Amino acid sequence: MERRTFNKLLLAGGALGPVVGFASAQSQVRELRINEGGGLNGDAIDAGYAKPFTEKTGIKVVRESPNNFGKLRALVESKSTTTTLFELGTASLAQAKALGLVEKIDWSKVDALPVYPEAKDDYGIGYQYYSTLMAWRTDAKAPKNWSDFFNAKDFPGKRSIPDDPVYALPMALLASGVSIEKLYPLDLDAAFKKLEEVKKDISVWWKAGAQPPQLLRDNEVQYAASYSGRVVGQPGISYTYNQANLNIGYLSIVKGSSQAQIDAAYKFMRELTDPKNQVVAADIVPYSGNSPDFEKLIDKASTSKFPTTADNKKVQYFNDYDWWTANADSVQKRWQQFALNR
Amino acid sequence: MDRGASTLGPRAAGTQPRSRGWKAALPFVGPLLVLVVLGFNGPILLIVNYSFSAAGTYSFVNYQELAATPVFLRVIGNTFRITVLTTFVVAVLGYILAYWITSLSERTRNIVLALVVVTFWVSVLVRTYAWIVVLGNAGLVNRTLLWAGAIDAPIAFLYNDLGVIIGMANIQMPLLILPLYAAMIKVDQRHLQAAASLGASERTIFWRVFFPQTIPALASSVMLVVILCLGFYVTPAILGGGRVPMVANMLDTYINSIPRWELASAVSIVLLLFTLALFMIYRRLDKWASGEEA
């Protein structure tokens, strides 16, 4: 039997059976399904973007979460996606492009307001800027950079960093004195060497974004790398954007979406570029939107809180995701190996 | 010949096999059978299919990659190590607790059993996080010990093997206690009285009369705990602090982040084979033990 036929048989008989042939029956778009990160992020999408979108178009927005990358592959392989927009990080967007899981965006059909150039990707709209930065208990000695952060002699206490090489390896290299400009291509040997040196001071390698603020509050660790939105404005926790990793949350169109769904998604994208909507969203979770005018609309006192304000943006770095797409597999294996001995 | 059900309870004499005919049973069993085949066996076939797929053709490349990367087998090995340790803790503590419950008065017994069952009402995630409040550096236990002057620095209960074993044992415990208790309560008291009347000491009565009658229930509960431990995800992720690699967490990376389902499928199939091998050893032992009994 041909493999393709066998797959089809399995699919027809397996759990995916009932899903097939569901979406194509709908001609008029009544709802737009968005798969996103969940939590406060979802509330921000609802208030900031979904509300004005529904008021203008009458199309209801249905949110789904969490946005595991594996789910995107499953949606595309089902050949009948009901979810149109899918949230991807910068790394996963690069992966999705390489695997052909997302539709190309026809920007001429999107009535977009001015946005930062990197937000207008061929395969996704960057709608939310967030950082992975160093945070610490306000009663601990304040570090200025990653070298201080990992220096347990002069900055006593326990640390927590992400259990994810995409974040941990650049941190380690910056700590060993590499400059932001010379970060890529990553020197893996040097990065792992640094982590071997400091691993005794790292008590938790975190998996979920909710962990670092909780660990800091409980005094489980004194220093933690955290997503900015989780710690900014939290009492008792200090942070700096210096040498932080600036990251963009993208919304991309799932490959195989119908033209009607895609057109609805284009209208939704327009709302994502409106700085007025972005201010509403940022009020719920302190991440910035993609508009250069965003900074002008937020109140002066809180500009230092946001990742994209001029002062903060210039001291941060973007990861090189083409490098990661090419190297993710081998780095991941080395990371799993490292995880066995830490 | 399947006699799997017999391990769940004591092998009392007089349970005659009833052969009513499968045709009469089909309307009742049918829907369940369909559900199991479509909802459980089907997806496993899909996983087998994935594990042999690569770029549109069938091949062994995923298994070759698995064999060439020692880290996969080492993580599986570590998973079995944590599983064995956890199961041992659960079996010893659970057995003692179940035995103690049988010795209580009817009223107290119901209260204690309710306390055991009540843990099912709280989600695994909440119970896992609760350990942080109890055993963390700034948790109840460490604060008390520090205050009492028993220690100078907090004891590291969490974010290591110990934390994972404590958390997992806590969650698995009721799954062992309940069937074990059910078996213990059915042990015929007259056997124990007969042994006593023949002059056996308390210890001899327990080890030579009571304990052997509970072995089948203990063994099947242990098997259940082992199988559940092998797939544990949340507790090792949170209480392990990223230092206790377990296969479910590694699979999560290969399914959700990378996503290399073909490789993840191959790892899953290898884990399944290890588990089946373990199960067969258990069946052998069970047969051997029950053969000796008869």
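In which hand does α3(B) pass α7(B), left-handed or right-handed? In this predicted model, α3(B) passes α7(B) in a right-handed crossing. By class, the contact between α3(B) and α7(B) is made up of 22 nonpolar residues, 4 polar residues and 1 charged residue.

Two packed helices are described by the angle between their axes and the distance between the axes. For helix α3 (residues 70-102) of chain B and helix α7 (residues 161-185) of chain B, the axes come within 7 Å and cross at roughly 40°. Since angles under 35 degrees count as roughly parallel and those from 65 to 115 as roughly perpendicular, α3(B) and α7(B) are therefore oblique to each other.

The buried residues of α5(B) are Thr128(B), Ile132(B) and Leu135(B), and because they cover an arc of only 105° around the axis, they fall on the same side of α5(B). An α-helix has 3.6 residues a turn, so residues three or four places apart point the same way. On the other side of α5(B), by contrast, Val126(B) and Val133(B) are exposed.

Finally, Asp286(B) is found in helix α12 (residues 261-293) of chain B. Asp286(B) has 19 C-beta neighbours inside 10 Å and therefore counts as partly exposed, given that a residue is buried at 20 or more. Computed along the chain in residues, Asp286(B) and Pro179(B) are 107 apart in sequence, while their C-alpha atoms are 17 Å apart in space.

Terms used
Residues numbered from 1 in each chain as written. Chains lettered and ligands numbered in written order. Predicted model: local features only at pLDDT ≥ 70, side-chain atom pairs only at ≥ 80, totals over all residues. Axes fitted to C-alpha atoms, helices over the stretch in contact; angles between N-to-C directions. Helix = DSSP H or I, 4+ residues; strand = E, 2+ residues; numbered from the N terminus. Parallel < 35°, antiparallel > 145°, perpendicular 65-115°, else oblique. Left-handed = near helix turned anticlockwise from the far one by under 90°. Nonpolar A, V, L, I, M, F, W, Y, C, P; charged D, E, K, R; others polar. Buried ≥ 20, exposed ≤ 12 C-beta atoms within 10 Å, placed from the backbone. Arc of directions from axis to C-beta.
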